[in-house]
Each structure stands twice: as structure tokens, then as C-alpha cells.
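Please read the points below with the model open beside them.

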Amino acid sequence: MRAPDGRHARAGAAPETSRGTAPGRAWPRPDGRRSLQVTLLVLLAGVLLVVVGAGRPWTGLEAAVSVPDLGSTRVGATHLTGNDLAPLSGLAVLGLALVVGIAVTRGRGRWMVGVALLALAVTLLAQAGAAAGRARSEAERRARQGQVVGVPAGGELRVTSPRAGPLLVIAGGALLAVAGAETLRRGPGWPALGAAFRAPPDRPPAPSDGAEPPWEGD
């Protein structure tokens, strides 16, 4: 029997499926897969920046004593990290838990993950800003009370405030906010996590043994 498009149709032939796709199986749209991949990378990069920045010195301390006729002599030096001032790395680890949340949720359930990511980002940014603002005074207070190992109390204090650590944490928090916003915007349409990193086949299935290839003409 001749099909309307000029090809001969064979009785019992299976209907054509999309190229390289098994019957009844729909591959996720490329834009949804790409959005999920980029969001996961941004989320992981944000967590990494927060952890690295929180472990760097946020304030440096040097103690010195004045010796008559000899001037000032340094007797100890140390620093306080971001984690000494706020639980920043602990908050960042929650971002990894939200990666699992993306994996186990589908559809509108991912809105909750997006809200949690935004809340985590706001909390991190607020904690980092507050810790950076009080880092100098907090370091001086601890040193005066003898609570800083390596810096004896009662000496002259010199306090420095490196900016690399706070900036890394703020950048990481901003990336987490971007990941949360994208999860809210596109999350319900994302595929399953496994499908996001499994490329669809790019070749049609080979014909079974004994099957004649389709041909045109009379």
C-alpha cells in the first residue's frame, strides 16, 4: 500500500519515533538540561568559595612589648578566620544538602529547594557582613582577655583586616542566590538529575535482522 507521502508502508510496521529515541521514551529538552547543569555548577562553586573564604584570615593580630632603650619587640602573632567569627562553613555545607534536594524532588517540589537556597544565601551574606564588620573589635577583645592562643594579654596590639576572605564568602553567597533564583524560575521543568548528565543518542536505531530499509518510488 502506498502511503500519502509517496512511500510504501508495510503492514505491521512500527510508527516512527523521534531520531535516536526509543518508543515511549521522551528525552528532556536541551535547554532544561543545560539550565540544570549550569545551576548545579554555580551552586557547587558558591559552596566552594564560601568554604575557602571562611577558612582564610579575616583579621591578623600581633602583640608587642616596649623595652626601654630597645623599642618595641614582637612577642606573638596569630589570626582569626571567618569560621572563628561565625559558622560560615557549616552553613555552606547545607548547600550540598540542597543538591540532594534537587536530586530527590521533581516538578513543583523544587520550588521549596529554590526557596531554601535563597534563604541560605541571605543568611550567609548577613553572617559574613556582620562578621567582617566586627572582626577587628572582636579580635581586640579576645586578645585583651587572653583568649587568643599565641598572643599574650597586656601587650601592645596591632590588628590588620585582610579582605580576601570576606570577599570570597560574599561572592559564594551571591552564587548561591543565583542558583536559588534559577531553581525557582526553571526548577519545575528540569529533568531528573541523572537525565541531565546523560546525553540522548544521536543516531537512529539499526534495523532489525531481515527488515527492509524504507525506500521511495514505485
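Which residues does Thr105 touch, not counting residues up to four places away in sequence? Thr105 touches Arg110 and Val113 on that count, where contact means heavy atoms within 4.5 Å.

1. Basis of the note. This is a predicted model, in which local features need pLDDT of at least 70 and side-chain atom pairs count only at pLDDT 80 or more, while totals for chains, interfaces and linings use all residues. Residues are numbered from 1 along each chain as its sequence is written, and side-chain values use heavy atoms, with hydrogens and water left out.

2. Thr105. Thr105 sits in the loop between α3 and α4; helices (H or I, at least four residues) and strands (E, at least two) are DSSP runs, numbered from the N terminus. With a relative accessible area of 18%, Thr105 is buried. The classes used here are buried (under 20% relative accessible area), exposed (over 50%) and partly exposed (in between), with a 1.4 Å probe and protein chains only. The Thr105 side chain reaches the backbone oxygen of Gly101 at 2.6 Å. A polar contact is a pair of N or O atoms within 3.5 Å; within protein, one must be able to donate a hydrogen and the other to accept it, and residues adjacent in sequence count only if both atoms are side-chain atoms.

3. Chain overview. The protein chain holds 6 helices and 3 strands, in the order α-β-β-α-α-α-β-α-α from the N terminus on. Of its 218 residues, 33% count as buried. Among the contacts with a separation of 6 or more, 77% come from residues 24 or more positions apart. The chain exposes about 12,900 Å², and carbon and sulfur atoms supply 60% of that area. Accessible areas come from the Shrake-Rupley method with a 1.4 Å probe; for residues, only the protein chains shown count as cover.

4. Core. The largest nonpolar core has 32 residues, of which Leu43, Trp58, Leu88, Ile102, Leu124, Val169 and Leu176 touch the most other members. Two or more residues of this core come from each of α1 (30–55), β1 (57–67), α3 (88–104), α4 (109–144) and α5 (164–186). The largest share, 10 residues, is given by α4. A nonpolar core is a set of buried Ala, Val, Leu, Ile, Met, Phe, Trp, Tyr and Cys residues joined through side-chain atoms within 4.5 Å.

5. Gly172. Helix α5 contains Gly172, which counts as buried at 0% relative accessibility. Not counting residues up to four places away in sequence, Gly172 touches Gly46, Leu49 and Val50. Gly172 and Leu43 are 129 residues apart in sequence, and their C-alpha atoms are 8.5 Å apart in space.

6. Salt bridges. How many salt bridges does the structure hold? The structure holds 2, a salt bridge being a side-chain nitrogen of Lys or Arg within 4 Å of a carboxyl oxygen of Asp or Glu. Glu138 pairs with Arg141, with the closest N and O atoms 2.7 Å apart. These two residues are 3 residues apart in helix α4, so about one helical turn separates them. Glu138 is buried at 15% relative accessibility, while Arg141 is partly exposed at 36%. Glu182 and Arg185 form a salt bridge at 3.1 Å, N to O. Both lie in helix α5, 3 residues apart, about one turn of the helix. Glu182 is buried at 18% relative accessibility, whereas Arg185 is exposed at 57%.

7. Surface patch. Leu44, Val93 and Leu96 form a nonpolar patch on the surface, with about 240 Å² of accessible area together. Patches are made of residues with over 30% relative accessible area and no salt bridge; like charges are joined within 9 Å, and nonpolar side chains (Val, Leu, Ile, Met, Phe, Trp, Tyr) within 5 Å. Leu44 belongs to helix α1 and is partly exposed, with a relative accessible area of 41%.

8. His79. Strand β2 (residues 71–81) contains His79. At 39% relative accessibility, His79 is partly exposed. Not counting residues up to four places away in sequence, His79 touches Pro57, Thr59, Gly60, Leu61 and Asp84. His79 and Ser161 are 82 residues apart in sequence and 9.6 Å apart in space, C-alpha to C-alpha.
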